[in-house]
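This report looks at side-chain contacts and surface charge in one protein model.

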Amino acid sequence: MLYPTLSQPLVFLVIALTGLMSGALFDLFGFLALASGNDKHSKIFFDFLATIFSFVLLFLVNLQVNYGQFRLFVLLAFFLGFVLQRFLSKILWTKCVKKWYNSFKEIRLARKKLKKEK
């Protein structure tokens, strides 16, 4: 049996983790776009950078792990990891941000109430 055939589960796992990292890159660049004013041009610029970095990351990891052989399962593993990260990120960030927002709002309302009572 050929060596690349034996390591396909490991290649699948590493490429899927690369997809997870690429999704995290999109989150990071999304935060940078938000911090830079969140206008149309900054969103486009940072999305472009995230796309370029994701493809470079996929290329380098595929070259290192899979000897540069570009197959369909590489794309499937990458997109599986990417979609999983984006899905989990939406759930995680949405729940956390709602909790934080509600707790900050409650604290703010409590402070206003205390100031009115004084």
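A residue counts as buried under 20% relative accessible area, as exposed over 50%, and as partly exposed in between. The model is a predicted one, and the classes below were computed from it.

**Aromatic pairs**

A pair of aromatic rings is described by the distance of the centres and the angle of the planes. Rings pair if their centres lie within 6.5 Å, and by this rule the count comes to 6 aromatic pairs. One of them joins Phe45 and Phe46 in an edge-to-face arrangement, with 5.3 Å from centre to centre and 70° between the planes. Phe45 has 46% relative accessibility and so counts as partly exposed. Phe46 counts as buried because its relative accessibility is 15%, under the 20% limit.

Phe78 and Phe82 form another aromatic pair, and this one is stacked. Two of the pairs are set out here.

| Pair | Arrangement | Centre to centre | Angle between planes |
|---|---|---|---|
| Phe45 and Phe46 | edge-to-face | 5.3 Å | 70° |
| Phe78 and Phe82 | stacked | 6.4 Å | 15° |

Where do Phe78 and Phe82 lie? Both are in helix α4, which covers residues 72-117, and they are 4 residues apart, about one turn of the helix. Phe78 and Phe82 are both buried. They also belong to a cluster in which ring pairs link Phe26, Phe78, Phe79 and Phe82.

**Salt bridge**

Side chains of opposite charge can pair when their charged atoms come close. How many salt bridges does a search of the whole structure find? The search finds 1. In this salt bridge the side chains of Arg86 and Asp27 meet, at 2.5 Å from N to O. Asp27, at 16%, counts as buried.

**Positive patch**

Helix α4 also holds Arg108. Together with Lys105, Lys112 and Lys116, Arg108 forms a positive surface patch. Is Arg108 buried or exposed? Its relative accessible area is 58%, so Arg108 is exposed, being over the 50% limit.

Notes: Residues numbered from 1 in each chain as written. Predicted model: local features only at pLDDT ≥ 70, side-chain atom pairs only at ≥ 80, totals over all residues. Heavy atoms only, no water. Phe/Tyr/Trp six-rings, centres within 6.5 Å; stacked < 30°, edge-to-face > 60°. Buried < 20%, exposed > 50% of the residue type's maximum accessible area, 1.4 Å probe, protein only. Helix = DSSP H or I, 4+ residues; strand = E, 2+ residues; numbered from the N terminus. Patch = residues over 30% accessible without salt bridge, like charges linked within 9 Å, V, L, I, M, F, W, Y side chains within 5 Å. Areas by Shrake-Rupley, 256 points an atom, 1.4 Å probe, with all protein chains shown as cover. Salt bridge = Lys/Arg side-chain N within 4 Å of Asp/Glu carboxyl O. Lys, Arg positive; Asp, Glu negative; His and termini not counted. Charge placed at Lys NZ, Arg CZ, Asp CG, Glu CD.
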